[in-house]
Amino acid sequence: MWANRSRQILDDTIVDKLLEAHTFDVPAALVSEVLMSYVEDLKQRQPDKKLPKDFDMQSFGQQMLPLAVQTAKWMVIRERVIEAEKLQVEEPDIERFIQGLPNLQVDVEQLRAFLETDPQVQSRLLGEKAMDLIRDYAVITEVEDANMTHDHDHDHDHDHDHSHDHDHSHGHQH
């Protein structure tokens, strides 16, 4: 549970940093689509699957607009990563997805065939692959930056200028 929560916090932080680093306008139609998905999600959470009678669509739209814009920007960035890296859903991705499902009493071959063609599953798996790639890159970059800027003491028997470039490892790794 904590591992999943930590991973989600890391992913959220990475996405926030990516959104901060990339300023661009997202198509209004995409933002509108995201807003409508929020409305649909809200409907699905209602007992009768309908919006409350007093639901103020305009107020909801104004309140949710900043989040919808951020979500739409993330969708664009994620799609660019998927395209640039030529990511595709492959058999092992489907297998991992099936393994993550509760023990269902269904024909696994029929389930696999459905999952291989379902656009929502395909989108989710591609999004996960893109996030894995971004996360791996972000973590590697963070570790390298930390190692390059670390501050440490050199315990030497002699004095010399540390401004020139040479190895201080003395046979051990930092």
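The following questions and answers concern a predicted model and the reasons behind the words applied to it.

Q: What makes up the secondary structure of the protein?
A: The protein contains 6 helices and 0 strands. Read along the sequence, the pattern is α-α-α-α-α-α.

Q: Why is Phe97 called buried?
A: A residue counts as buried when its relative accessible area is under 20%. Phe97 has a relative accessible area of 14%, and therefore Phe97 is buried. This residue belongs to helix α4, which spans residues 91-100. Across the protein, buried residues make up 26% of the 174 residues.

Q: Which residues does Phe97 touch, leaving aside those up to four places away in sequence?
A: Phe97 touches Leu115, Val121, Arg124 and Leu125. Contact here requires heavy atoms within 4.5 Å. For Phe97 and Leu115, which are 18 residues apart along the chain, the C-alpha atoms are separated by 8.9 Å.

Q: How do you know that the buried residues of α5 are on the same side of the helix?
A: The buried residues of helix α5 (residues 108-117) are Leu111, Arg112 and Leu115. They cover an arc of only 100 degrees around the axis, which means that they lie on the same side of α5. The face turned away from this buried side carries the exposed residues Glu109, Gln110 and Thr117.

Q: What caps the N-terminal end of α5?
A: Asp107 does so, with a side-chain oxygen 3.0 Å from the backbone nitrogen of Glu109. The cut-off for a polar contact is 3.5 Å, and the distance of 3.0 Å is within it.

Q: Why is the pair formed by Phe55 and Phe60 called tilted?
A: By the rule for ring pairs, the count comes to 1 aromatic pair. The ring centres of Phe55 and Phe60 are 5.2 Å apart, which is within the 6.5 Å limit. Their planes stand at 50 degrees; planes under 30 degrees apart would be stacked and those over 60 edge-to-face, so this pair is tilted.

Q: What makes Lys73 and Arg80 charges over the ring of Phe24?
A: Lys73 lies over the face of Phe24, at 5.5 Å from the ring centre, and Arg80 lies over that face at 5.3 Å. Both distances are within the 6 Å cut-off.

Conventions:
Residues numbered from 1 in each chain as written. Predicted model: local features only at pLDDT ≥ 70, side-chain atom pairs only at ≥ 80, totals over all residues. Heavy atoms only, no water. Buried < 20%, exposed > 50% of the residue type's maximum accessible area, 1.4 Å probe, protein only. Helix = DSSP H or I, 4+ residues; strand = E, 2+ residues; numbered from the N terminus. Arc of directions from axis to C-beta. Polar contact = N/O pair within 3.5 Å; in protein donor to acceptor, adjacent residues only side chain to side chain. Phe/Tyr/Trp six-rings, centres within 6.5 Å; stacked < 30°, edge-to-face > 60°. Lys NZ or Arg CZ within 6 Å of the ring centre and 35° of its normal.
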